[in-house]
Amino acid sequence: MLSEEELQKKWESLTFTDNFIFSHVMHDENICHQVVELILGVRIGKIHYLSAQDEHKTDPDSMRIIMDVFLRDENRIITVEMQTGHKKELPRRSRYYQSVADVSTTPSSRQYPKLPDNILIFICTFDPFDRNFPRYTFQYTCQEADHQLKLEDGSLRIFLNTATEELCNLDQKLQAFYHYIQKGVVESELAQNISHKITTLKNDSIVRRFYMTWSITMADMRREGFEEGLEQGREQGAYEKALETARKFLSMGLSPEQVVQGTNLPLEVVQELMKSQ
C-alpha cells in the first residue's frame, strides 16, 4: 500500500488522462461543452449530465459499467471516456456502452423515430487500431453498396488516437488538444481552461482528501477481491465496507456523485444513505 507521502506525490503528478481528474474536469460544463464540440466539429445545445461515473446496467443480472462522462443535449446522448488501456476489448466495449446508453435513457413510451442520436467518444492515449490515424470514426454502412449506403440509425463511435504525431489533417484547435494530452503543452484557450481547472482541483483540500481516502479504499478492496465480489453481487462483507466508506465520504461533505465514483455503489443507495445521515 502506498504511504501518505507517496499518495501525495501521486496526487500532484495526476494529469487530464487520469480517470479521477478527467471525470472531475469534464463535469465543468463549460470545459465539457468545448471538448465535445471540438471533437464532433459541430455545435451542440445546452448539456445535461445524466451521471457522474454512475453505475449502469440493463437489468440486475447484466454486466455493470462505469461511465466517465454521460450527458445529453436536445438531440443526442453523448458518452465520453478516457482510455489508457484495455486496447483489445474496446470495439466490444463500445458496442455495450452504446446499447446501455440507449436502454438506460429510453422510456417505454418512446417511439423509434424519436430516439436521440447516440454518440460514443473514446479518448485513447494509445493507437486503438494500429493504423496511426489521429482519429477513427465508425458508422454502420452497407458492404454490398461499397459502404456508400449508411444505415442512418443515429449511432456514431469516435476513437481519438492521441499517441500519434500525425496531426496535420486535424484542425489546429484539435491539434492543440492532442498536444496538451500528450505533453501537457498549453497552446489554446481550452488547454488553459483544463490546466487551470486541474490546478484548482489539486488545491482543493476536500478533493485531495477524497482522492487519498478513495485510493486507499480501492487498494484495500482490490486486495480483498472486492471488485470481483461486487460484480457478482455476492461479497456481502465488501459491500458493507463500501457502505461504511460512503458514509465517511458523505460526512466529509462530498456529493452523491463523488461518493459513487469512490465506492462504485449505485447512486440510489448513496442517496438513501444521505437521508439517514
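This is a short talk on the fold and a few individual residues of one predicted chain.

First, the ground rules. The model is predicted, so local features need pLDDT of at least 70 and side-chain atom pairs count only at pLDDT 80 or more, while totals for chains, interfaces and linings use all residues. Residues are numbered from 1 along each chain as its sequence is written, and side-chain values use heavy atoms, with hydrogens and water left out.

The overall picture, then. The chain has 11 helices and 8 strands; these are DSSP runs, H or I of at least four residues for helices and E of at least two for strands, numbered from the N terminus. Of its 277 residues, 47% count as buried. Buried here is under 20% relative accessible area, exposed is over 50%, and partly exposed is in between, with a 1.4 Å probe and protein chains only. The accessible surface comes to about 15200 Å², and 47% of that belongs to carbon and sulfur atoms; areas are from the Shrake-Rupley method with a 1.4 Å probe, and for residues only the protein chains shown count as cover. For contacts, meaning heavy atoms within 4.5 Å, take the pairs at least 6 apart in sequence: 61% of them join residues at least 24 apart.

Next, a helix pair. Helix H3, residues 29-40, and helix H6, residues 189-202, have axes that come within 10 Å and cross at roughly 140°. Axes are lines fitted to C-alpha atoms, for helices over the stretch in contact, and angles run from 0 to 180 degrees between N-to-C directions. Which residues meet there? From H3 they are Asn30, Ile31, Gln34, Val35 and Leu38, and from H6 Leu190, Asn193, Ile194 and Lys197. That contact divides into 5 nonpolar, 3 polar and 1 charged. Nonpolar covers Ala, Val, Leu, Ile, Met, Phe, Trp, Tyr, Cys and Pro; charged covers Asp, Glu, Lys and Arg; the others, Gly among them, are polar.

Now two buried positions in helices. Serine 94 sits in helix H4, residues 90-105, and counts as buried because its relative accessibility is 1%. Leaving aside residues up to four places away in sequence, serine 94 touches Leu120, Phe122, Arg157 and Phe159. Glycine 262 belongs to helix H10, residues 256-263, and is buried, with a relative accessible area of 0%. Its C-alpha atom is separated by 9.1 Å from that of phenylalanine 20, 242 residues apart along the chain.

On to backbone angles. Most residues other than glycine have a negative phi. Histidine 147 has a positive phi, near 65°, and so does glutamate 152, at about 55°. Where is histidine 147 found? It is in the loop between strand S7, 135-138, and strand S8, 155-161; glutamate 152 also lies in the loop between S7 and S8. Histidine 147 counts as partly exposed, at 48% relative accessibility, whereas glutamate 152 is exposed, at 65%.

Last, the cysteines. How many disulfides are there? The count comes to 0, where a disulfide is a pair of cysteine sulfur atoms within 2.5 Å. Cysteine 124 is buried, with a relative accessible area of 0%, and cysteine 168 is exposed, with 63%.
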